[in-house]
Amino acid sequence: MTALDPATGGVIWTQALRSTGTASPTVYGDLVYMVAGSQEAWALDTKTGRIEWRLAATPDVNNVLGGPAPAVSDKYAVFAFGSGEVQGAFRKGGLRMWDAQIAGRRDGLAQSSVSDITGDPVIYGDRVYVANHSGRMAA
């Protein structure tokens, strides 16, 4: 992960992670939230790139390239992974609050049976909405 100065394009900081970043990062306050590889979520300091915390998910070897950006609210960060797992954590400290599996496909005709979460999770009020590549959606 590399942070660039928007005015000059110069490198502000670089942080080596264990895997390639596969999704767009989300910046909220003083942290950058991102998923790297299929099974790790990271929170990095926006000024220094220092790792503040990380979460691990269930590994999966067959993933759609490019994943969803984390959803972040004042209190929570929600990460979706290639295995179909979704995790919610406290935004500041990274303490995992819950995790869920979005498995299967929607009823009726589905064009695929890929269980990867490919759309960005959405936090609205006190609910999180998330869907997988096969059309299964949960709140």
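I began with β11, which pairs with strand β12 (residues 127-131) in the antiparallel sense over three bridges. Strands here are DSSP runs of E with at least two residues, numbered from the N terminus, and two strands pair if DSSP finds at least two bridges between them. The model is predicted, so I kept to its limits: local features need pLDDT of at least 70, side-chain atom pairs count only at pLDDT 80 or more, and totals for chains, interfaces and linings use all residues. Residues are numbered from 1 along each chain as its sequence is written, and side-chain values use heavy atoms, with hydrogens and water left out.

I looked up what stands opposite V122 and found Y129 in β12. I then traced the open sheet of three strands, and its order is β11-β12-β13 with antiparallel pairing. Its edge strands are β11 (122-124) and β13 (137-138), each pairing on one side only.

**Four-stranded sheet**

I traced another open sheet, of four strands, in the order β3-β4-β5-β6, again with antiparallel pairing. Here the edges are β3 (26-28) and β6 (51-56), each of which pairs on one side only. I noted that neighbouring strands of this sheet are turned by 20 degrees against each other on average, direction ignored; the axes are lines fitted to C-alpha atoms, and angles run from 0 to 180 degrees between N-to-C directions.

I went on to β5 (residues 40-45), which is joined to antiparallel β6 by five bridges. In β6, E40 has A56 as its bridge partner, and A43 has W53. The two strands form a hairpin with five residues between them, and G49 in the turn has a positive phi of about 80 degrees.

**E85**

I located E85 in strand β9 (residues 85-90). E85 is buried yet has no salt bridge, and the nearest side chain of opposite charge, R96, is 4.3 Å away. Buried means under 20% relative accessible area with a 1.4 Å probe, protein chains only. A salt bridge needs a side-chain nitrogen of Lys or Arg within 4 Å of a carboxyl oxygen of Asp or Glu. For charge, Lys and Arg count as positive and Asp and Glu as negative, while His and the chain ends are not counted.

I also listed the contacts of E85 (heavy atoms within 4.5 Å). Leaving aside neighbours within four places in sequence, these are A57, T58, F79, A80, R96, D99, A100, Q101 and I117.

Key
Buried means under 20% relative accessible area, exposed over 50%, partly exposed in between (1.4 Å probe, protein chains only).
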